Amino acid sequence: MSSLILQGVSYHYSAMQVLHNLDLTVGKDEIVCLLGASGCGKTTTLKAIAGLIETNQGSIFIDGKLVSDEQSFVSPEHRNIGMMFQDYALFPHLTVADNIAFGLNKTNKEQKRARVDEMLKLVHLTGCAKRFPHQLSGGQQQRVAIARALAYKPSLLLLDEPFSNIDTQVRFELIADIRRIIKTQQVSAVFVTHSKEEAFAFSDTLAIMHRGKIAQQGSPEALFAMPKSKEVAEFLGQGIYLDAQALTATEYNTAFGVVKSQVAHTHKTKNGQLYIRPHQIELACKNCDENSQAITILSRRFIGSAYVYSVVIAEQEIEVAAQYGQSFEKNEQVIIKIKPHTVNFFES
Ligand SMILES: Nc1ncnc2c1ncn2[C@@H]1O[C@H](COP(=O)(O)OP(=O)(O)OP(=O)(O)O)[C@@H](O)[C@H]1O
């Protein structure tokens with residue numbers, strides 16, 4: 001059974017429509033990341049799931065139980081949700097242990113202490129029980145926040161940019177640690193970020209949001225290799241578009257030669273555009289193939305192990321790394337070859 005289902009959810013702030021008929025599914029023990037540009041409606045979606053706003057349309061189910069539709073609304077405290085919002089600070093006047101115990105009012109004193117100890121151990125803060133939040137680092141405070149959110153065994157955890165205030169040096173360590181904690185507690189989670197790197201590191205599944213809708217949901221690998229729309233392709237990584245004609249299920253004619261796909265596609269129309277990412281482009285010396293269209297190296301920069309070259313291909317500027325051991329000069333004429341890959345072809 002899915003832990004969370006949103007069906008056709010819509011929401012507007014006054015006259016501004018923010019969520020448009022949004023569908024989202026989170027499986028049992030799955031961590032789904034809502035990833036999208038600023039303002040696309042990620043936080044509003046979390047608020048709708050938490051019950052902090054009442055949606056105008058659509059249904060929300062948590063663990064199979066209807067919590068919101070046009071006729072019914074279950075209040076936030078009855079949804080069994082743990083939250084770690086960006087501005088969901090710890091109580092400064094309470095110790096670490098008391099912060100974690102805060103949501104455990106219904107259990108007796110002994111059970112409460114045992115659960116707090118268990119959570120402190122889980123987040124590796126056993127020695128910090130009596131400290132106050134200001135005596136902890138940012139990363140430690142977020143560990144307390146996750147311990148507090150998980151202490152009362154929620155069915156679903158909502159995390160809104162919990163890592164954005166953490167130093168980049170320790171951020172990815174903390175991400176791995178909090179992922180491990182969530183996995184050991186077997187809780188489903190929805191995580192909001194606008195960072196692809198955080199999303200890849202933290203989640204099982206990505207749900208790319210665009211203008212108040214889920215544009216595509218799937219594993220990071222599937223979305224990266226087979227985006228269904230230009231928005232998803234562009235969001236997951238920089239690239240260029242090349243006009244192309246599908247010759248066969250695996251071959252596309254472009255101004256830079258025939259591009260081969262490693263998987264077969266079916267096409268409704270032959271004309272369209274290929275989305276090509278930098279790592280799929282190879283630079284070669286001009287006399288390697290006199291018949292190919294030449295381009296000019298605009299600039300180059302050294303990145304330690306190789307050079308990265310700035311070039312213009314089909315009127316779009318892009319940076320391309322050269323093969324190991326190869327180097328070109330500024331203003332040199334080169335040709336490009338597109339390596340065979342899982343082609344992304346968008347029909348016109
Ligand atoms: N309380 C509010 N009243 C009016 N408009 C709002 C309110 N909260 C958010 N909005 C607007 O709704 C849209 C979606 O906001 P939301 O916070 O959900 O986006 P987001 O994807 O989480 O953005 P970010 O990544 O910047 O946090 C934005 O255009 C925002 O300005």
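**Close-up views of the predicted model**

**View 1. Domains of the protein chain.** The chain is assigned domain 1 (2-233) and domain 2 (238-347), with bounds that come from an automatic or database domain assignment. This is a predicted model, in which local features need pLDDT of at least 70, side-chain atom pairs count only at pLDDT 80 or more, and totals for chains, interfaces and linings use all residues. Residues are numbered from 1 along each chain as its sequence is written. Between the C-alpha centres of domain 1 and domain 2 the distance is 40 Å.

**View 2. Contact between the domains.** Five residues of domain 1 contact five residues of domain 2; contact requires C-beta atoms, placed from the backbone, within 7 Å. On the side of domain 1 that touches domain 2, four residues are nonpolar, none polar and one charged (Ala, Val, Leu, Ile, Met, Phe, Trp, Tyr, Cys and Pro count as nonpolar, Asp, Glu, Lys and Arg as charged, the others, Gly among them, as polar).

**View 3. Shell around the ligand.** Y13, M16, V18, G36, S38, G39, C40, G41, K42, T43, T44 and H194 surround the ligand, with the C-beta atom, placed from the backbone, within 6 Å of it. Strand 2 (16-26) and helix 1 (42-50) each give two or more residues; helix 1 gives the most, three. Helices (H or I, at least four residues) and strands (E, at least two) are DSSP runs, numbered from the N terminus. The shell divides into four nonpolar, seven polar and one charged residue.

View 4. Strand 14 (residues 271-276) pairs with strand 20 over three bridges, and L274 stands opposite F345 in strand 20.

Definitions and conventions: Two residues are in contact if their C-beta atoms, placed from the backbone, lie within 7 Å. Two strands pair if DSSP finds at least two bridges between them.
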